[in-house]
Amino acid sequence: MTNRFETPKAPLRAEPRPYVATPNVQSVPATAAGLIRSTLVAAGAAGVILVLFWLPAEYGIDPTGVGHLTGLTEMGDIKQQLAAEAEADAQAAAAEPVVAGAAVLATVDAAPEILARLDWIDAQLAAISAVVGAPPGLTDPVAVAAPAAEPAPEAAAPASDPVEAAVAEAAAPEPTAVPATPGWRDEVSYTLNPGEGIEVKLAMEEGKTARFFWTASGSVVNFDLHGDGSGQNIRYEQGRAVPEAAGSLTAAFTRNHGWFWRNRTEAPVTVTLRAGGDYSELKAP
Amino acid sequence: MALALILTAMTQWRARPAFARQAYAANVLMLVAGFAMMGLQITGYFVA
């Protein structure tokens, strides 16, 4: 009786087979215990890297304090902040058409006389714009309708008050276009809370030059002087922790050129920009 | 082309006397990277 499995030439799959080395090619010696130890060492090293450097830099999570020392926590905080802002922007963009539509509807339902009044306000604004030199349409009709929608429900009560309020609110954006200092066409001022940023642009034509001066009012801000529009982008200058700057800006192409400021300090900062020269419009939020 | 270059490089590497040590170290490095990225993803899942 022969056992057909007892053929020495063909070992079973699980049995160790004699390794036939091809010339010039070596195998890598490794034992099971050594492999397990190496794996554990690798996991430990990965954990150390993760906790000390990666989590602070990515998420601002810094249980050890090393991230704070190396400045990586700040980087992570900034990343998280930017992500949150991007998400908020996306949500605002998604919600805006609905809200604006609802506001207009509420206005129509509640008080037709307010609509007539708004038309009158629009006409007044156009007249003011013509005098000041800013193009009409600077104030979006929807933006004008929105503040009016709040007083609308109580329009049946004292009719004059809400309308006056609407006029005041609608007129509020206008003063930015009024020249405040001799020699400058525009002056705008913003107070930025810690971590906040703002973007102010000049609508310029290619090759035209505008003068500017801005100051962080005794504090410092990070800034990025850049231009964009029509698929073009240019970065003129960037700076961190700058108290103020003055100079001229020559547009590399026709579109918007301006500043992005961000307050990276712990306290609110007031940024004031003065601009003059060859630009058509100062676009500020 | 790329594969041919890689094959050549790998074959020459395997012929070197230090190959075993280097290969082992490279594997451990890959393990480190893998664990670190895994941790990052898991943390990201819990943060979000």
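Predicted model: local features only at pLDDT ≥ 70, side-chain atom pairs only at ≥ 80, totals over all residues.
Start with the cores. The largest nonpolar core holds 21 residues, and Ala210(A), Trp259(A), Val271(A), Leu273(A) and Ala275(A) have the most contacts inside it. Strands β2, β3, β4, β7 and β8 of chain A each put in at least two residues, with β8(A) giving the most, four. Looking past its neighbours within four places in sequence, Ala275(A) touches Trp184(A), Arg185(A), Asp186(A), Leu202(A), Ala210(A), Arg211(A), Phe212(A) and Leu282(A). There is also a second, separate core of seven residues, with Ala42(A), Trp54(A), Leu55(A) and Tyr59(A) among them.

Next comes helix α4(A), residues 112-132. At 1.5 Å a residue, its 21 residues should span 30 Å, and the end C-alpha atoms do sit 30 Å apart, so the two agree. Ile114(A), Leu118(A), Ile121(A) and Leu125(A) are buried in α4(A). An α-helix has 3.6 residues a turn, so residues three or four places apart point the same way. Down the axis of α4(A), the buried residues fall within an arc of 60° and therefore line one face. The face turned away from that buried side carries exposed residues, including Glu113(A), Asp119(A), Trp120(A) and Val131(A).

As for the contact between the chains, chain B brings 15 residues and chain A brings 20. On the chain B side, α1 and α2 each give two or more residues, and α2(B) has the largest share, with 13. By type, that side of chain B splits into 12 nonpolar residues, two polar and one charged.

Technical notes. Residues numbered from 1 in each chain as written. Chains lettered and ligands numbered in written order. Contact = placed C-beta atoms within 7 Å. Nonpolar A, V, L, I, M, F, W, Y, C, P; charged D, E, K, R; others polar. Core = buried A, V, L, I, M, F, W, Y, C linked by C-beta atoms within 7 Å. Buried ≥ 20, exposed ≤ 12 C-beta atoms within 10 Å, placed from the backbone. Expected span 1.5 Å × (residues − 1). Arc of directions from axis to C-beta.
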